[in-house]
Amino acid sequence: MALLDVRGLTVEYHTPAGDLRAVEDLSFSLEERETLGIVGESGCGKSTAMLALMRILPEEGRVVAGEIALEGADLLQLSPADMRTRRWRGISMVFQGAMNALNPVRTIESQIAEALRLHETVAGSEVKAEVGRLLDLVGIAPSRGPQYPHQYSGGMRQRAMIAMALACRPLVVIADEPTTALDVMIQAQILDLLQQLQQDMGLSIILVTHDLGVVAELSDRVLVMYGGRLAEYGDVDTVYNQALHPYTQRLLGAFPDIENPRAPLVSIPGCPPPLDALPPGCRFEPRCHLSLKACSREVPPLCELAAGHIVSCHMVKAHDR
Amino acid sequence: MIASSDPPRDERFLEVRDLVKLYPVPRGIIGRMLRRPKRWVHAVDGISFAMRRGEILALVGESGSGKTTTGLCVLGLLEPSSGGVSLAGEDVVYLARTRRRQFRRRAQMIFQDPYESLNPRQTVFSAVAEPLEVHRLATGPVEKTNKVAAALEAAGLKPPSEYYKRYPQQLSGGQRQRVAIASALVLEPQVVVADEPVSMLDVSIRAEILGLLLRMRDQHEITILYITHDLATAAYVADRVAVMYLGVIVEIGPAMSVLQRPSHPYTRSLMSVLPTPNPRRRRKRMVLQGETPNPIDLPSGCRFHPRCPEIRESCRATVPSLREVEPGHYAMCGTPRPLNGHQLAPVGLNGSTGFTAEAPKHGSA
Amino acid sequence: MTQVFVRYRLGGLGLVMVAAVVVVAFLAPWLAPYDPYATITGSSADIMASPSRGHLLGQDDSGKDVLSSVIYGSRISLTVGFAASFIVVVLGATVGMLSGYAGGRVDMVLMRITDAFLVVPRLPLMLVVITVAGRGLANIILVIGLLSWTYMARVVRSQVLTVKERQFILRAKALGVSPARIMTRHILPQVVPVIFAEATLDVSYAILSEATLSFLGLGDPMLISWGSILNRAFLRGAVMREAWWYLIPPGVALAWTTLGLTFLGIALQEMINPRLKTHHLFDEGKTVAIKRLKTRTPILGEAPRF
């Protein structure tokens with residue numbers, strides 16, 4: 001049984017202007033000590049799906065279908081009080097934009113301590129020592145604990161966020177764009193840190209990003225999202241080298257490869273579908289260079305090809321037959 | 001001193017000489033009373049380069065390297081502390097008002113944030129027409145409309161009339177960036193400074209914008225200074241690459257030379273940590289520890305020495321100068337490395353100088 | 001959530017209240033049963049007579065209809081209010097914009113002048129100036145306007161400082177747009193909402209200032225305003241005679257008008273700077289809306305039915 005098993009997750013935003021379906025029928029699983037990379041561009045629903053996993057959607061957000069089984073127990077069925085105990089201890093999150101996620105008027109130390117105290121993972125007298133250990137774990141000198149976020153550099157703030165996410169030794173950590181807006185060198189340091197922490201603490205990581213290069217460095221399995229749905233899902237080697245979904249293929253071609261810098265880059269004309277005007281069939285069909293008649297009418301089903309390689313595309317299904 | 005990585009004297013169109021930009025660190029009343037020494041933020045600390053017409057030079061660096069400051073100084077949007085910038089032989093740092101206005105026609109800028117660089121209250125038409133009005137380039141509404149349409153089309157927004165009445169909030173990031181580019185192109189500039197033009201856009205549309213830059217060079221001979229932190233996109237568009245660190249250029253040369261045979265340890269490190277979208281080719285990475293030091297208290301000798309993985313004794317004391325490592329390719333390193341056959345894991349491009357085909361680092365299967 | 005709703009309702013209420021006063025002022029000649037500026041012929045029984053059928057709010061110390069006076073008084077109050085705040089907007093916004101955009105020495109000089117005005121207590125200075133300059137509507141408008149522009153200047157300046165740093169301003173400079181055009185075309189549209197919100201409150205302050213001056217006997221002697229009605233009432237002993245119909249209506253009118261303007265001003269300010277709502281996690285039960293499922297949904301194959 002997988003550590004985390006998400007099936008059929010569907011999330012909508014109920015706004016005065018109408019219901020917007022941000023995530024539809026998303027399914028994936030995560031084993032222990034595994035890193036899953038969720039890749040997609042703006043508007044694909046990946047951040048919404050992660051907020052739904054933690055049940056911290058904004059006010060208009062609603063999970064309308066699906067199941068999120070952490071160690072077998074469905075998180076969506078828990079009462080708010082029970083969810084509060086699982087949140088941060090079972091599954092925690094490193095948020096995007098560390099500067100905005102940290103409270104500017106409280107010391108880093110006190111913010112980490114808050115997580116420890118709330119979840120009573122450690123005896124009161126031990127809290128300060130544990131904070132020191134956590135800071136050390138992420139590469140921040142414990143003596144810098146009493147400082148404020150503005151006194152930290154961007155890379156250090158990100159490390160502090162990671163320390164906070166690890167405070168209660170969770171089973172799963174969701175890292176939402178952990179390296180965006182950081183310099184390339186710091187990005188490399190953070191990725192190294194995540195890898196090392198995973199090995200030392202036996203974490204499972206969900207890495208959410210738009211950067212295919214980052215995913216390739218760190219992930220075991222990859223899930224490509226488009227328009228709120230799963231486009232392709234499989235282990236990293238297969239998805240990168242034997243991509244079947246047209247979107248995945250073109251997305252891979254859009255990334256400059258430093259080993260072949262002048263190779264022409266692929267560009268996908270158009271833009272992701274707006275949530276209030278989702279195409280009735282395949283979400284990618286308006287921008288797809290291959291399409292069958294079925295593509296604009298029916299949502300393509302999820303096909304499992306070789307073990308563990310799942311693609312949602314009518315063209316693929318046709319070939320499979 | 002201008003490295004002769006630059007074009008010969010008669011072909012130089014845009015020239016930057018010993019550009020320096022310092023910001024004073026405020027001392028406060030007590031500091032001034034106690035006569036504490038003045039301290040400076042060395043944003044740009046002596047840069048020189050020259051570009052020919054129709055060349056794309058990529059200025060690559062991390063945050064704090066001074067690349068954006070350099071771009072602003074080149075356009076006269078920031079006054080340099082010392083040094084000179086000249087366009088076609090004419091100095092452009094100190095200009096009287098009319099001359100400055102003429103200069104603005106010839107040198108334009110594209111900004112990083114497509115969400116912030118357009119006035120939210122201005123329609124697309126108005127945004128692209130404004131430069132024409134300001135410089136009085138259109139004799140009448142018909143000509144104005146024609147020029148606006150041509151600029152929007154050149155920037156890839158077709159049909160242009162569909163965009164005239166729209167506001168920035170109704171456009172996607174990529175479309176906004178094109179509007180910004182159109183408003184720069186409508187003046188038919190000779191020089192464009194592009195400050196991270198694609199870093200805030202979705203990956204799948206970056207190629208088009210980069211392609212636009214290449215077309216600007218090919219079809220209109222526009223000289224482009226491309227500022228970025230992303231070596232990969234620099235490699236895609238640039239003819240030459242200059243790598244900046246803490247306010248100085250540490251390596252400069254033709255794009256392929258710098259990328260295939262990086263000489264300065266900083267460049268080598270940057271090349272090695274670039275994520276490549278191919279999990280089979282995970283190569284040995286030289287990740288620098290720590291962070292870029294603050295540009296106020298610069299390290300002694302070579303300013304990179306505290307983080308340099310290949311440091312020698314002399315590096316702490318002597319300030320290195322730009323040395324030629326191969327024709328047209330210069331690096332500011334006291335002890336330039338041999339370009340191939342190095343005892344550290346080779347980090348350039350090129351299959352033969354080796355990638356360690358490593359097994360994935362965290363086995364789960 | 002309820003806070004936001006209340007604020008907008010409040011703004012709507014304020015707008016209605018102010019609109020009512022404006023309508024009354026416009027239609028005064030048709031709404032007022034008598035002309036309070038006409039000379040009266042009456043008997044001594046009319047002095048401070050209590051409300052009757054012919055005089056719904058009674059009569060004042062010279063037998064004039066109080067209701068008509070109050071209705072006509074709205075004209076003066078509103079005139080002073082809007083005229084004075086016009087001066088405030090023009091002067092304050094100009095100084096604020098110049099100061100904010102120019103920065104440096106210009107900013108410093110203008111701000112020191114502003115500070116000087118801010119430091120002096122307005123009302124005593126107004127009293128002194130009116131006494132010296134003479135009573136009259138124009139003087140009152142000028143005095144109030146010239147002593148009230150500083151708040152507007154400060155508010156506009158801080159908004160300009162924020163807008164100035166935005167990237168589209170830098171882009172406009174890069175395009176070669178002149179400072180004058182940047183100020184009018186790019187900065188001003190961002191500043192107008194702030195000016196509006198502040199101006200609403202300034203109108204309210206101007207109306208109260210005029211009422212105060214008139215109440216203290218420094219208003220225009222030829223004109224009837226709410227303040228002057230109260231002035232006469234007090235001087236002629238309405239309190240002793242317990243002539244509430246003479247004392248209360250002008251006060252109520254003032255309160256109504258300024259309250260309406262304040263509601264409007266608050267709502268406008270809220271609309272410009274939306275405050276944070278209460279955190280949604282306090283009402284978490286709403287987030288998960290699925291029915292409890294009995295069977296596990298398969299990961300492949302047909303879509304689950306609900």
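A crossing of two helices is called left-handed if the near helix is turned anticlockwise from the far one by less than a right angle, and right-handed if clockwise. In the predicted model described here, this term applies to chain C, where α4(C) passes α6(C) in a left-handed crossing. The two elements involved are helix α4, spanning residues 104-119 of chain C, and helix α6, spanning residues 137-164 of that chain, and their axes come within 9 Å and cross at roughly 125 degrees. Because angles of 65 to 115 degrees count as roughly perpendicular and those over 145 as roughly antiparallel, α4(C) and α6(C) are oblique to each other.

The residues that bring these helices together can be named individually. From α4(C), the residues C:Thr114, C:Phe117 and C:Leu118 take part, and they meet C:Leu147, C:Thr150, C:Ala153 and C:Arg154 in α6(C). Sorted by class, this contact of α4(C) with α6(C) comprises 4 nonpolar, 2 polar and 1 charged residues.

The helical pair belongs to a chain whose secondary structure consists of 10 helices and 0 strands, so that the pattern read along the sequence of chain C is α-α-α-α-α-α-α-α-α-α. Of the 306 residues in chain C, 41% are buried. Where contacts in chain C link residues at least 6 apart in sequence, 74% of them join residues at least 24 apart.

Strands are found in chain A, in which 4 of them form an open sheet with antiparallel pairing, arranged in the order β2-β1-β4-β5. Strand β4, covering residues 61-70 of chain A, pairs with β5(A) in the antiparallel sense over 2 bridges, and A:Leu70 has A:Ala73 in β5(A) as its bridge partner. In general, the strands of a sheet pair through backbone hydrogen bonds, in either a parallel or an antiparallel manner.

Chains A and B also touch each other, in a contact that takes 45 residues from chain A and 37 residues from chain B. On the side of chain B that touches chain A, at least two residues each are supplied by α7 (203-220), α8 (231-237) and α10 (265-273) of chain B, and α7(B) gives the most, with 7 residues. By class, the residues on this side of chain B divide into 18 nonpolar, 10 polar and 9 charged.

Key
Residues are numbered from 1 along each chain as its sequence is written. Chains are lettered from A and ligands numbered from 1 in the order in which they are written. This is a predicted model: local features need pLDDT of at least 70, side-chain atom pairs count only at pLDDT 80 or more; totals for chains, interfaces and linings use all residues. A residue is buried if 20 or more other C-beta atoms lie within 10 Å of its own, exposed if 12 or fewer, and partly exposed in between; C-beta atoms are placed from the backbone. Two residues are in contact if their C-beta atoms, placed from the backbone, lie within 7 Å. Axes are lines fitted to C-alpha atoms, for helices over the stretch in contact, and angles run from 0 to 180 degrees between N-to-C directions. Angles under 35 degrees count as roughly parallel, over 145 as roughly antiparallel, 65 to 115 as roughly perpendicular and the rest as oblique. Ala, Val, Leu, Ile, Met, Phe, Trp, Tyr, Cys and Pro count as nonpolar, Asp, Glu, Lys and Arg as charged, and the others, Gly among them, as polar. Two strands pair if DSSP finds at least two bridges between them.
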